[in-house]
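Thanks for coming. I will go through one structure today, so please have a look at it before I start.

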Amino acid sequence: MTPEQRLADAFVALAGSTADGSSGVPGPLSVLAQRAPALLGTRAATVVFTPGGYDAAHTAGSDPQVSRLEHEAIGWREGPGHDCHRAGAGPWDQAALTGHPARQRWPHYTPRALRLGYTHVVAIPLRERTVTSGALILLSCAQRAFSPATLVLGRSLADFTAVILERAREADHSRTLTTQLEHALISRVVIEQAKGVLATRWAVPLDEAFDLLRKHARSRQRPVRDVAREVVEGRADPDLTDPTP
């Protein structure tokens, strides 16, 4: 497979990673972390997604060791992913882990990354429009810095993943809203049916029937919809459904 074919395949995989109707967060993160090293010529990659704040971040890695490293970095509140989260859409740069500045900047992250054999790291923001929701973190074992071409392509992958994640979140919100509306509609239908039953039993207008239903529910500190369902199903308190002679 040519580099162009691998790149196209990666974009297709990212686009299809939320097609199962799930919340969509683990899928794109995993695809990006797994595909990025081969596409970008790096040794490893991790992804941190922080829409709900850094402490509640989702993470994924190209192998278990870097996944553990990124998870620990969240607890340490340091490392390139943490700095990228703080900077938002601001400038981002790469760091040589073998130098004193990196040890001073990330006292926990740097020695752990060095023990895993990594010499350079860069965090590329996951950015959709003006919103930064995480970072793609690339790790290298080479003695030279990441090339400009690697960073440009990494940014394209990160931006595309951010769009996919945002669309997945929007779809989740839409599904939640639809479910809430369906429940509200069902409750309203049941209440209307109960009003009809009570209006017939008590020979009163529908408004009065609803007052009876509401007062009964309030006196027993119960939701109106639950009492209404019992009326419709014939399980309601006789005090409510049977008029006194």
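Leaving aside its neighbours within four places in sequence, which residues is His-216 in contact with? Val-227, Asp-237 and Leu-240, where contact means heavy atoms within 4.5 Å.

Before more of that, the ground rules. This is a predicted model, in which local features need pLDDT of at least 70 and side-chain atom pairs count only at pLDDT 80 or more, while totals for chains, interfaces and linings use all residues. Residues are numbered from 1 along each chain as its sequence is written, and side-chain values use heavy atoms, with hydrogens and water left out.

Back to His-216, which is found in helix α8, residues 206-219. Helices (H or I, at least four residues) and strands (E, at least two) are DSSP runs, numbered from the N terminus. His-216 counts as buried because its relative accessibility is 12%; buried means under 20% relative accessible area, with a 1.4 Å probe and protein chains only. From C-alpha to C-alpha, His-216 lies 16 Å from Gln-193, and the two are 23 residues apart in sequence.

Next, the sheet. Five strands form an open sheet with antiparallel pairing, in the order β2-β1-β5-β4-β3; two strands pair if DSSP finds at least two bridges between them. β2 (58-61) and β3 (94-96) are at the edges with a single partner strand each, so one side of each has no neighbour in the sheet. From one strand to the next, the twist averages 15°. Between β4 and β5 there are 9 bridges, and Ile-124 has Leu-136 in β5 as its bridge partner.

What packs on the sheet? α3 does, touching β1, β2 and β5, and its direction makes about 40° with that of β1. α7 lies across β1, β3, β4 and β5, at about 40° to β4.

α7 (residues 148-202) also packs with α2 (residues 26-40), at an angle of about 165° and with the axes 11 Å apart. Axes here are lines fitted to C-alpha atoms, for helices over the stretch in contact, and angles run from 0 to 180 degrees between N-to-C directions. That angle makes α2 roughly antiparallel to α7, the term for angles over 145 degrees. Among the residues that meet are Leu-32 and Leu-39 in α2, and Leu-157 and Ile-164 in α7.

Last, helix α4, residues 80-87: Pro-80, Gly-81, His-82 and Cys-84 are buried there. The buried residues of α4 pack against elements including α6 (109-115) and β4 (120-128).

Notes: Parallel < 35°, antiparallel > 145°, perpendicular 65-115°, else oblique. Buried < 20%, exposed > 50% of the residue type's maximum accessible area, 1.4 Å probe, protein only.
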